[in-house]
Amino acid sequence: MTQGRPTSGAKTLRSNFTPGSTPWAMRRAQWTALGLTEADLEKPKIAIVNSSSQLASCFSHLDQIVGPLKDAITAAGGVAFEVRTAAPSDAITSAGAAGQYILPSRDLIASDIEVAVEGALLDGMVCLASCDKTTPGQLMAAGRLNLPTIVVACGYQPSGVYRGEAVDFEDIFRFAGHVNAGRMTVDELGEMSRCAVTGPGVCAGMGTANSMHLAAEALGMALPATTPVLALGPAMWGAVAAAGERIVRLVEEDVRPRSILTPAAFANAVTAILAVSGSVNCLKHLQAIAVEAGVDIDVYRLFETLAPTVPLLTDVKPNGNTQITEFEAAGGTLGLLRQLAPLLDLSALTVAGGTLGDALDGASFGRGRPSDGRGPAETGRPADTGRPADTGRPADTGRPADTGRPADTGRPAETGRPAPTGVVVDEVVIRPLDRPLASHPAIVVMRGSLAPDGAVLKRTVADDAPLAFRGPAKVVRSRDEGVAAAKAGRFAAGDVVVLTGLGLRGSPGMGLTSALMFAIDGAGLSTSVAVITDGQMSGLVNGGLVIAEVSPEGAAGGPLGLVRDGDLISIDVNARTVDLEVEADEMAARLVSLPPLAAPTGCGWLSVYARSVAPLGSGATLGAGGG
């Protein structure tokens, strides 16, 4: 062995090779050319995992973070190396192949990290988390490599104002469907689009990105009190500085992800996601992280078990009217965990050192505004903040109102300050357990003859979608076909719209179905039809009766692929059932006539993915194949 040479009186580092060996000589030649000194070559070598790109504002600011983070790592006694990964954005990367590249990019990120970090035998990593797939991909790599790791959530984007109303990226999704239905003009949507995003960062709501940032902290893999934060804001810079110092200590202390990613940590993360009605995509992402970390836990069953016991404590958009800025100001993830403390395992470890209980005890919790016991409609917030009007002429200017924030320079005024530890809980925004906003389950795992292996459904705080539904199927087999059908008026109140063929192997990659949901909303049918699909939803989809990620998938012989127009489908949300009312012998006959799933061909990433992907119950991870 030529690696892992100890320095005098220091911990053995796997990045230090035996003097005189070929790897030692090659490393010295390359790194001396980069300006490293003899002393640097002996220090802990830390990867800064940067999923940056100029394709989208989600992560356009990450390059600005690398320099200050390097400085913090250097000051702590380490040497930092920036490495790059794929940088998928649901907003941009979903354009090709009907969104099929989105989920597979998560696993590509994990493998990019493996190649860069494991190939170079670095000692630890700080992962700059941004858009939806970056956080789970980074956590999967952390579990796989089991190297000291800290996830830094790099923040949400500032939003704008359109015709006097707050507007954000979620509204662009939703109102595009209204254009298809003739309820909004192209010019109005274009003007709204110019207002919605006023800076870098992830979508400003409790979509998949912020849900997974929250999950990273609840798992113990992000420093306490660092999610969510405004991109390039003071709290983000504090988190960056603290992570740079802490990662070197983690290497020295040999604290590894698999000591943190325990069953208790996953239960804590699931509890937190349920309490905020987070993205349904968290189920498969948390399951994938568990698989990569070698944790024998069924995350889907964990959601089923915990959902009835975890109340809804906040209503961040798209679940209600609370802005992500309000949630951060009210205490953010650490404030939420403080409210949830009786339901959590406080002995779970965190990257800060010590336990979750220690993190909560170390935070300064003021009471903020006390909860008055009123519901979300009575809190004094506007009845519908953040929802632009549907009608009327466009405003004279598309420029958002002044937010009062100073211009972001891309560099912190002072990089050495630690992350803030004071957290104030505002009990109007983040309710206590004894006065929740709602007590029904936020995320429901559905099962039945149409979804033998499960499916997921989201319930809002208002819970205004039907809880029971029975109607005839209207089958479509692609996102575009479904959008066209909604625009042409093919769907009617009482229908169950079935979108099949978008599963992990059938699409391949589990195509995005959000455009169909918003087209149905635009047609005014979101509360009068049900939608069932084996595709995936954006974390910003939060209206109507929608059951997604049906397993087994239709194209691989699952019952969803056997549904025909007119078949009766019954849904009972309280009973958590979704059933196809077709006799077993008829289903058997249809299965015989179902065309076999074509074997993937070629060397493209989607073909590689289709040959390798495991079922959703395994987190749609790679390696098991044949799902």
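Colleague: What do the side chains of Asp132 and Lys133 do?

Modeller: They meet in a salt bridge, 4.0 Å from N to O. A salt bridge here is a side-chain nitrogen of Lys or Arg within 4 Å of a carboxyl oxygen of Asp or Glu. Keep in mind that this is a predicted model: local features need pLDDT of at least 70, side-chain atom pairs count only at pLDDT 80 or more, and totals for chains, interfaces and linings use all residues. Residues are numbered from 1 along each chain as its sequence is written, and side-chain values use heavy atoms, with hydrogens and water left out.

Colleague: Are Asp132 and Lys133 buried or exposed?

Modeller: Both Asp132 and Lys133 are buried. Buried means under 20% relative accessible area, exposed means over 50%, and partly exposed is in between, with a 1.4 Å probe and protein chains only.

Colleague: What about Arg435 and Asp434?

Modeller: Their side chains also form a salt bridge, at 3.8 Å from N to O. Arg435 is partly exposed, at 30% relative accessibility. Asp434 is exposed, with a relative accessible area of 58%.

Colleague: And which parts does the pair Lys474 and Asp495 tie together?

Modeller: The salt bridge itself is 2.9 Å, N to O. Lys474 lies in strand S11 (residues 468–476), and Asp495 is in the loop between helix H17 (479–487) and strand S12 (496–499), so the pair ties together parts that are 21 residues apart in sequence. Helices (H or I, at least four residues) and strands (E, at least two) are DSSP runs, numbered from the N terminus.

Colleague: How accessible are Lys474 and Asp495?

Modeller: Lys474 has a relative accessible area of 22%, so it is partly exposed. Asp495 is buried, at 6%.

Colleague: How many salt bridges in the whole structure?

Modeller: The search finds 29. There is a network too: salt bridges link Asp168, Glu170, Asp171 and Lys317.

Colleague: Switching to helices. At what angle do H2 and H9 pack?

Modeller: About 40°, with the axes 8 Å apart. H2 covers residues 62–75 and H9 covers residues 234–253. That makes H2 oblique to H9. Axes are lines fitted to C-alpha atoms, for helices over the stretch in contact, and angles run from 0 to 180 degrees between N-to-C directions. Under 35 degrees is roughly parallel, over 145 roughly antiparallel, 65 to 115 roughly perpendicular, and the rest oblique.

Colleague: Which residues make the contact?

Modeller: From H2, Gln64, Ile65, Pro68, Leu69, Ala72 and Ile73. From H9, Met236, Trp237, Val240, Ala241, Gly244, Glu245, Ile247 and Val248. Contact means heavy atoms within 4.5 Å.

Colleague: What's the split by class?

Modeller: Eleven nonpolar, two polar and one charged. Ala, Val, Leu, Ile, Met, Phe, Trp, Tyr, Cys and Pro count as nonpolar, Asp, Glu, Lys and Arg as charged, and the others, Gly among them, as polar.

Colleague: Now H18. How many of its residues are buried?

Modeller: Seven of the nine in H18 (residues 514–522), so it is largely enclosed by the rest of the structure. The buried ones are Ser514, Leu516, Met517, Phe518, Ala519, Ile520 and Gly522.

Colleague: What do they pack against?

Modeller: Helix H6 (169–180), H17, S12, strand S13 (530–533) and S14. Just after H18, Gly524 takes a positive phi of about 80°.

Colleague: Which peptide bonds are cis?

Modeller: Thr227 to Pro228 is cis, with omega near -20°. Pro228 lies in the loop between helix H8 (208–219) and H9. Ser551 to Pro552 is cis as well, with omega about 0°. Pro552 sits in the loop between strand S14 (545–551) and strand S15 (568–572).
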